[in-house]
Every structure is written in C-alpha cells, then in structure tokens.
Amino acid sequence: LLLSSGSKKRAHSPDRAAPPAKRAVGATSALQCDEAAAGEVDEVLWQVNFDHFHHCLRNESIVEAVTHRHDAAAGAIVKTILRLVELQEEKGSMTSSVTCFELFPALPGTPLLSRQELNLYLKLLCDGAKAFVSKLGDQGGGTFAVHVGNCLEHICHEAVTSVVQEKFGSKCLRLFRILMDKKNLEEKQVGEIGMMPLREARERLYKMMQAHFVTFLEIPKSADHNPTRTFYLFSVNMEHVTRTCVEHCYKAIANLQSKRHHIESENRRLLDRWHQHEQHRIKLEAANSKATEEDWALLDEEITPAEKAQIEKTQAAISKVEEGELFVDRCVLKLRRFALES
C-alpha cells in the first residue's frame, strides 16, 4: 500500500568520507552513477499507493458480495483466486486465470474443502449469464478467472436496489427490479408483471422517474407524435441511476458532516474540558509513583457526574454520525468503481 514517490538528495560535507548511499529498489544504473559521482545520499519519500488501496477494497467488496450471495466457502474460493492473481495484470473485465491444481492447495484451512467440493463450488460460481467466476479452459483440472465486471455490476445493483427500497418502498423496488430484468416495458405491462393495479403502477413509475431512477422513452408510430399512436416505454439506465445515487450519497455525506459539526459546536466547551481532563489523567498515569491521592481526587472533581453523562451522550452521537459517514463513503466507492470499470 506504500510506494516510493521520489528522493530528496543531501550532499555530504567535503571534510569527511561519505557512507554508502541507500538506493531505492529499481533505480536505474545511470541515476546510481550520477548520485555516486555527486556524493549525495537519497532519502526515499513515501506516499500511499491509492490505486492498490482501491484495488484491495474492490477485492474485499467482491468477496463480501460472493459470501452474501452464496456462503463463506464460496467467498474463500474467490478470495484465494484474487490473492493468487493479485500481482498479475487484469485482462479487460476479468482477472488472470488460475488452474484448479493451483487453487486447491492455496485454499485456507477453514472452511476445509475436498477437491470434489471445490469442483462443485466452482461449477456453482460459474453458473449463470452474470456469473462471478468464468471457466476459460480445461487445462490443469480447469482454468478459472474472476469476472470483475459481473461482480461490480452485482455490487452496484445491490447498492442501488437498497437505495430504491429505502427511498420509495418495497412496491417501487418490485417495479424497479422488473424493469432491470425486462429492460423496456409499457406501464400496463409493468403493472401486470408486478401484480399491481395500473393506476398505482403508473403513480409509482412516475415518482421514480421524477427522481431520475427510471427513464422514459417515446416511440411514435407516426410523424405527428399523436399520443394515441405512440408507445411509452419505461426502462432503467444503470449508469444514469448510479450517478444519481452518487449525488445522493454526496448530499448525505454533506448533511452528516454538518450534523457532526453542529453537535461539536454546541458542546465545544464541554468537549474541551473533557480533553483537558484526559490529558491531565495521562500525565498522572505517566507519573504514577509521584502522583498523590490528593492529585487523583482533584482530577475526579474536574468533571461532575452530570457533565460526564452529557459528554458520553455527545460522544455517542458523534460516533454514530461518523459511522454513517464511513458507511456512505463505502457506498460511494462501490458505485464509483462500477462507473469507472463498467
């Protein structure tokens, strides 16, 4: 997760011998010769490798999605494949391939799988048009690769459907899933498939369309666009819905941050007193042998029980808001990864 971002050169003083320079791995021979000639030492600077960091988070999300859809054993198999091909370059929307003979000894001890059970799980993971794993050949007991595109699409669909359910309810989610599956449908067809009265289906479809979760397409039979001779089709544009959800997530993060700042500003004086109290406690604990009972008694009198209860309540509220921010941040990461790699 860390990489070298460059070097900071420091020249040696001429009156003493220079120690051997520490060179970064992979430095070119020309650079090494120049530095040796100049009598300089490299101080390697480090920074976070955000690409690899996002790659690890993406793989973790894929394993969670597989585990949630199947079980822990299926998640362990996909996690092992991703670990074996971690340093290899991905080919489009799929990872590099591994054979069954390479995969079986690399599996973790828990859950313990036999070779026959591994073959059954691989067959299950490869089943379906949007499978998590694809079989590329029969060499080495079978060659398998994780289909990253299908995994990200599944993760995005799960995130979007959860947003639809929370925002519009379970009945709208039913219609939304129908449109995701059937693509383009008229409102009458949507109501029939969703077993819902036409008027209710129409209201719910227009409600989702107003929030940019459902798109609307007119297909006229004639050039005059007469409504009686025009097809009105509803569909779901997943890329557009993903961008809409990301915008909602950004607004939610801004609201959560405003809420946290409001809580902190309202209780600033109390929080500052608690911070000073904790610093005083740390100093007394560091000088335990020199601290007297009178010092500890004075420490306990700094904060009253009522103030301590208020501080605990405030800290619990701040922690809850921060957990919400982290959850929404994770949702944004999943949606943006789908938008970037789809």
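## Terms and model

A residue is buried under 20% relative accessible area, exposed over 50% and partly exposed in between, using a 1.4 Å probe and protein chains only. By that cut-off phenylalanine 234 is buried, with a relative accessible area of 1%.

The model is predicted: local features need pLDDT of at least 70, side-chain atom pairs count only at pLDDT 80 or more, and totals for chains, interfaces and linings use all residues. Residues are numbered from 1 along each chain as its sequence is written, and side-chain values use heavy atoms, leaving out hydrogens and water.

## Aromatic pairs

Rings of Phe, Tyr and Trp (its six-membered ring) pair if their centres lie within 6.5 Å; planes under 30 degrees apart are stacked, over 60 edge-to-face, the rest tilted. The structure holds five such pairs.

Tyrosine 206 and phenylalanine 216 make a tilted pair, 6.5 Å centre to centre with 40° between the planes. This pair links distant parts of the chain, ten residues apart: tyrosine 206 lies in helix α9 (residues 198–210), phenylalanine 216 in strand β6 (residues 215–220). Helices (H or I, at least four residues) and strands (E, at least two) are DSSP runs, numbered from the N terminus. Tyrosine 206 is partly exposed at 37% relative accessibility. Phenylalanine 216 is partly exposed at 29%.

Tyrosine 206 also pairs with phenylalanine 234: the centres are 5.8 Å apart and the planes stand at 85°, so this pair is edge-to-face. It joins helix α9 to strand β7 (residues 230–235), 28 residues apart.

## Cluster

Ring pairs link Tyr206, Phe216, Tyr232 and Phe234 into a cluster.
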